[in-house]
Amino acid sequence: MTTEQQTDVFEFPCRFPLKIMGERHDAFAATILAVVQGHAPATTDVDVDVRESSSGRFLSLTVTITAESREQLDNIYRALTSHPMVKVVL
């Protein structure tokens with residue numbers, strides 16, 4: 001399938017939750033928010049939900065952005081997956 005034939009299942013703009021997991025660190029949430037804001041500047045701390053793992057070793061963030069395009073989402077995923085604090089992005 002070529003790029004011209006590919007169709008998005010999303011209708012942009014749309015609210016889109018990003019799930020980001022990493023080891024517990026005091027600056028994890030703020031650091032990840034800054035990475036996301038580099039691509040979705042309207043995202044604020046109100047858009048971030050933080051959960052701790054049962055062992056307390058890991059943090060899980062749900063950052064809900066207003067996605068404007070597939071390219072924007074791809075750029076955010078690339079930035080997050082290459083960040084040293086991030087273990088998993090869904």
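**Labels and their grounds**

Biologist: Why is Arg15 counted as partly exposed?

Modeller: The relative accessibility of Arg15 is 47%. Buried would require under 20% and exposed over 50%, so Arg15 falls in between and is partly exposed. Please bear in mind that the model is predicted.

Biologist: What makes Arg15 and Asp47 a salt bridge?

Modeller: The closest N and O atoms of Arg15 and Asp47 are 3.1 Å apart. The cut-off is 4 Å, so the pair qualifies. Arg15 belongs to strand S1, whereas Asp47 sits in the loop between H1 and S2; the pair therefore ties together parts that are 32 residues apart in sequence.

Biologist: Is Asp47 called buried or exposed, and why?

Modeller: Asp47 has a relative accessible area of 17%. Buried means under 20%, so Asp47 is buried.

Biologist: How do you know that Arg57 and Glu23 form a salt bridge?

Modeller: Their side chains meet at 3.9 Å, N to O, which is within 4 Å, so the pair counts.

Biologist: How many salt bridges does the rule give?

Modeller: The count comes to five salt bridges.

Biologist: Why are S2 and S4 described as standing at the edges of the sheet?

Modeller: The open sheet has four strands in the order S2-S3-S1-S4, with antiparallel pairing. Strand S2 (48–52) and strand S4 (86–89) each have a single partner strand, so one side of each has no neighbour in the sheet. Neighbouring strands are turned by 25 degrees against each other on average, direction ignored.

Biologist: How do you know that S1 and S4 are paired?

Modeller: Pairing needs at least two bridges, and S1 and S4 have three, in the antiparallel sense. Gly22 stands opposite Val86 in S4. S2 pairs with strand S3 (residues 58–67) over five bridges, also antiparallel, and there Glu52 stands opposite Leu59 in S3. Ten bridges join S1 to S3, again antiparallel; Phe16 has Ile65 in S3 as its bridge partner.

Biologist: Where does helix H2 lie relative to the strands?

Modeller: Helix H2 (residues 70–81) lies across strand S1 (14–23), S3 and S4, and runs at about 10 degrees to S1.

Biologist: Which residues touch the most other members of the largest nonpolar core?

Modeller: The core has 21 residues, and Leu18, Ile20, Ile32, Val36, Ile65 and Leu80 touch the most other members. S1, helix H1 (28–37), S3, H2 and S4 each give two or more residues to this core. Leaving aside neighbours within four places in sequence, the contacts of Leu80 include Leu18, Ile20, Ile32 and Val86.

Biologist: Why is the pair of Phe10 and Phe12 called tilted?

Modeller: The structure holds two aromatic pairs. Phe10 and Phe12 are 6.1 Å apart, centre to centre, with 55 degrees between the planes. Centres must lie within 6.5 Å, and planes under 30 degrees apart would be stacked and over 60 edge-to-face, so this pair is tilted.

Biologist: What makes the pair of Phe10 and Phe16 edge-to-face?

Modeller: The ring centres of Phe10 and Phe16 are 5.3 Å apart and the planes stand at 85 degrees; the angle is over 60, so the pair is edge-to-face. Ring pairs link Phe10, Phe12 and Phe16 into a cluster.

Biologist: Why is Phe16 counted as buried?

Modeller: Phe16 has 12% relative accessibility, which is under 20%, so Phe16 is buried. Phe10 at 30% and Phe12 at 23% are partly exposed.

Definitions and conventions:
Residues are numbered from 1 along each chain as its sequence is written. This is a predicted model: local features need pLDDT of at least 70, side-chain atom pairs count only at pLDDT 80 or more; totals for chains, interfaces and linings use all residues. Side-chain values use heavy atoms; hydrogens and water are left out. Axes are lines fitted to C-alpha atoms, for helices over the stretch in contact, and angles run from 0 to 180 degrees between N-to-C directions. Contact means heavy atoms within 4.5 Å. A nonpolar core is a set of buried Ala, Val, Leu, Ile, Met, Phe, Trp, Tyr and Cys residues joined through side-chain atoms within 4.5 Å. Buried means under 20% relative accessible area, exposed over 50%, partly exposed in between (1.4 Å probe, protein chains only). Rings of Phe, Tyr and Trp (its six-membered ring) pair if their centres lie within 6.5 Å; planes under 30 degrees apart count as stacked, over 60 as edge-to-face and the rest as tilted.
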